[in-house]
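Q: Please take a close look at one helix pair in this model. Then cover the backbone details elsewhere in the chain.

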Amino acid sequence: MASVTELGDQLAALTIAQAVELKNYLKDKYQIEPAAGGVVMSSSPQQNTTQEKAAEPTEFNVILDSFADKVKTIKVVRELTGQGLGEAKATVEGAPKAIKENVDKKTAEDVKKKLEETGAKVTIKPAG
């Protein structure tokens, strides 16, 4: 019988197709199913880097969570969104509220910085 280390190394080296086949075999033969509903796999470092880059969000939403100075925050919201005074006031008073949606990371960080300069609390969240 293989040692635990050898068995672990063999499991870690499985391809996705092999992992699915193993999952099906364990389910059919021994009624064993993975707790999370799938086989947990670790890919090679090169594959992992590719997957992380592909999974990294490219669009973000900037959320105004709260404000300290309503007037200054409204001015900045108007500048950033092009909203009229009444609409910008409603946006600020409706916090938490999205100020910018589906923007790139640099834009999101710039918007956050401008809002935080007014004393506002802001969150950047991945879009979608």
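A: A crossing is right-handed if the near helix is turned clockwise from the far one by less than a right angle, and left-handed if anticlockwise. In this predicted model, the crossing of α4 and α6 is right-handed. Helix α4 spans residues 70-81, and helix α6 spans residues 105-116. Their axes come within 9 Å and cross at roughly 155°. Angles over 145 degrees count as roughly antiparallel, so α4 is roughly antiparallel to α6.

Which residues of α4 and α6 make the contact? On the α4 side they are Thr 73, Val 76, Val 77, Glu 79 and Leu 80. Helix α6 supplies Val 111, Lys 114 and Leu 115. By class, this contact has 5 nonpolar, 1 polar and 2 charged residues.

Now the backbone. The peptide bond from Ala 95 to Pro 96 is cis. Its omega is near 5°. Pro 96 sits in the loop between α5 (85-93) and β2 (97-103).

Strand β2 also holds a residue to check: Asn 102. Asn 102 is not a glycine, yet it has a positive phi of about 55°. Its relative accessible area is 45%, so Asn 102 is partly exposed.

Gln 31 is another non-glycine residue with a positive phi, about 55°. Gln 31 lies in the loop between α2 (16-30) and α3 (45-55). Is Gln 31 buried or exposed? Its relative accessibility is 62%, so Gln 31 counts as exposed.

Notes. Residues numbered from 1 in each chain as written. Predicted model: local features only at pLDDT ≥ 70, side-chain atom pairs only at ≥ 80, totals over all residues. Heavy atoms only, no water. Helix = DSSP H or I, 4+ residues; strand = E, 2+ residues; numbered from the N terminus. Buried < 20%, exposed > 50% of the residue type's maximum accessible area, 1.4 Å probe, protein only. Axes fitted to C-alpha atoms, helices over the stretch in contact; angles between N-to-C directions. Parallel < 35°, antiparallel > 145°, perpendicular 65-115°, else oblique. Contact = heavy atoms within 4.5 Å. Nonpolar A, V, L, I, M, F, W, Y, C, P; charged D, E, K, R; others polar.
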